[in-house]
Amino acid sequence: MQRREFIGLIGTAALNFPRPGYAQTGLPLVAVLMPFKQDDDYRIAALRQGLQETGFIEGTNYSLAVRYGEGDYNRIPRLAMELAALNPRVFVTLGFGAGPNRVSPEIPLVFSGVAVDPVALGWVQSYVHPGGMITGNVMNAVGGEETLTQKRIGLFKQLVPSLTRLGMIAPVPAPNRPATLVMKEKEALQKVAAELGYEFIFCDFNTLDDLESAFAAGLRDDVSAFYISGEPLLSANVSRVIPLVAASGKPTVGPYPVWGRSGLLMTYSTDPVDGFRRAGAYVSRILKGEKPGDLPIEQASKFTLVINQKTAKALGIVVPPSLLALADEVIE
């Protein structure tokens with residue numbers, strides 16, 4: 001099952017149910033579909049916040065239904081049909097995006113937390129005027145993953161000037177787990193390697209049980225540091241990754257702020273939480289009657305540099321004052 005196929009299934013299911021848009025409570029229903037469940041699900045909290053900031057309170061102005069794919073994209077069709085049976089007014093996908101409608105659905109969709117080009121993938125007509133029934137926001141900055149990676153690793157080299165070999169911890173693609181982000185990260189890290197003076201090593205794994213082996217392979221290859229992929233499988237299992245990061249004794253860098261707060265030495269990226277909040281604002285506009293095709297695709301404009309001073313001290317790294325001054329968050 002490819003990610004881009006499930007929207008057509010949503011549309012097909014939606015056409016089979018009367019009065020789409022309202023739950024049994026009589027309130028407009030917002031149906032949320034996510035690839036993974038997390039213990040502290042800040043994504044849903046951020047979505048609710050975005051709705052609340054625009055005057056929509058859960059239980060008063062709308063109701064919410066959430067389904068998780070548990071990391072298996074083959075489950076998405078069934079979950080989409082479950083949600084469609086609840087007569088949603090709007091679909092929201094957090095963390096894995098959307099795809100073009102093969103069957104024109106009547107249900108708007110807002111996506112968030114993805115690092116792909118929705119125009120290149122054919123999801124929408126353009127960033128300014130998406131057209132159709134799909135809109136949302138992307139984590140990409142203008143210039144794409146390569147530009148962001150260049151900035152991220154450039155900052156990291158100020159922390160670790162001895163960086164000569166960077167090992168990327170990431171899952172390999174699987175039938176139930178497309179790895180579009182992993183491939184983009186890998187390509188970007190390889191492209192900027194020569195310019196920034198390091199050798200790139202790909203330390204991949206198949207399942208979470210293979211994580212320890214991936215770190216061990218990197219250590220055997222004598223990496224100077226590890227890069228932790230922003231792939232959802234890893235982001236949903238921070239608590240399993242961080243102990244291995246600490247045990248490696250190597251400096252680590254990654255994209256999202258949650259990783260820096262949890263123990264990586266440094267992270268630099270847009271904050272997904274901000275995207276989820278903005279998705280909530282778009283949902284409220286659709287509930288008020290605006291068409292998704294008229295709402296521009298939003299690109300990342302806010303970036304967060306997190307430096308974990310506690311991790312730096314454990315590694316014997318002195319953070320340059322100039323870098324501390326640039327940091328949006330310093331974890332003591």
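Mentor: Let us begin with a single pair of residues. Leu33 has Arg67, in strand 2, as its bridge partner. Please bear in mind throughout that this is a predicted model.

Trainee: Which strands pair in the parallel sense over six bridges?

Mentor: They are strand 1 (residues 29-34) and strand 2. Both take part in an open sheet of five strands, whose order is 2-1-3-4-5 and whose pairing is parallel.

Trainee: Which strands stand at the edges of that sheet?

Mentor: Strand 2 (63-68) and strand 5 (134-138) do; each has a single partner strand, so one side of each lacks a neighbour in the sheet. From one strand to the next, the twist averages 15 degrees.

Trainee: Which helices should I place against this sheet?

Mentor: Helix 3 packs on the sheet and touches strand 1, strand 2 and strand 3 (90-94). The direction of helix 3 makes about 170 degrees with that of strand 1. Helix 10 (residues 272-287) lies across strand 1, strand 3, strand 4 (109-114) and strand 5, and runs at about 175 degrees to strand 4.

Trainee: How does one read the sides of a helix?

Mentor: The general idea is that an α-helix has 3.6 residues a turn, so residues three or four places apart point the same way. Now take helix 3 (residues 76-84), where the buried residues are Ile76, Pro77, Leu79, Ala80, Leu83 and Ala84. These residues lie on the same side of helix 3 because they cover an arc of only 165 degrees around the axis.

Trainee: What is to be noted about the backbone in the loop between helix 3 and strand 3?

Mentor: In general, most residues other than glycine have a negative phi. Asn87, which sits in that loop, has a positive phi, near 60 degrees. A second case is Asp222, in the loop between helix 6 and strand 8, with a positive phi of about 60 degrees although it is not a glycine.

Trainee: How should I read a polar residue within a strand?

Mentor: One examines its accessibility, then its contacts. Asn137 is placed in strand 5 and is buried, at a relative accessible area of 2%. Leaving aside residues up to four places away in sequence, Asn137 touches Phe111, Ser112, Gly113, Val114, Gly275, Arg278, Ala279 and Glu298.

Trainee: What lies 3.0 Å from a polar atom of the side chain of Asn137?

Mentor: The backbone oxygen of Gly275 does. Consider also Glu298: Asn137 and Glu298 are 161 residues apart in sequence, yet their C-alpha atoms are 4.4 Å apart in space.

Trainee: What is the strand order of the sheet with mixed pairing?

Mentor: This open sheet of seven strands has the order 7-6-8-9-10-11-12. Its edge strands, strand 7 (199-205) and strand 12 (329-331), each pair on one side only. The twist from one strand to the next averages 20 degrees. Within the sheet, strand 9 (residues 252-254) and strand 10 pair in the parallel sense over two bridges, and Val253 stands opposite Met266 in strand 10. Helix 6 (residues 211-220) lies across strand 6, strand 7 and strand 8, running at about 155 degrees to strand 7.

Trainee: Which residues have the most contacts inside the largest nonpolar core?

Mentor: Ile153, Tyr198 and Met266 do, in a core of 30 residues. Among the elements giving two or more residues to this core are helix 4 (144-159), helix 5 (180-196) and strand 10 (266-270). Apart from it lies another core, of 25 residues, including Leu211, Phe226, Ala236 and Leu264.

Trainee: Where is Arg152 placed, and is it buried or exposed?

Mentor: Arg152 is in helix 4 and, at 1% relative accessibility, counts as buried. The side chains of Arg152 and Tyr227 are joined by a polar contact of 3.2 Å. Beyond four places in sequence, the residues that Arg152 touches include Glu145, Val253, Met266 and Tyr268. Tyr227 is also one of the residues touched by Ile153.

Conventions: Residues numbered from 1 in each chain as written. Predicted model: local features only at pLDDT ≥ 70, side-chain atom pairs only at ≥ 80, totals over all residues. Heavy atoms only, no water. Buried < 20%, exposed > 50% of the residue type's maximum accessible area, 1.4 Å probe, protein only. Helix = DSSP H or I, 4+ residues; strand = E, 2+ residues; numbered from the N terminus. Arc of directions from axis to C-beta. Core = buried A, V, L, I, M, F, W, Y, C linked by side-chain atoms within 4.5 Å. Contact = heavy atoms within 4.5 Å. Pairing = 2+ DSSP bridges. Axes fitted to C-alpha atoms, helices over the stretch in contact; angles between N-to-C directions. Polar contact = N/O pair within 3.5 Å; in protein donor to acceptor, adjacent residues only side chain to side chain.
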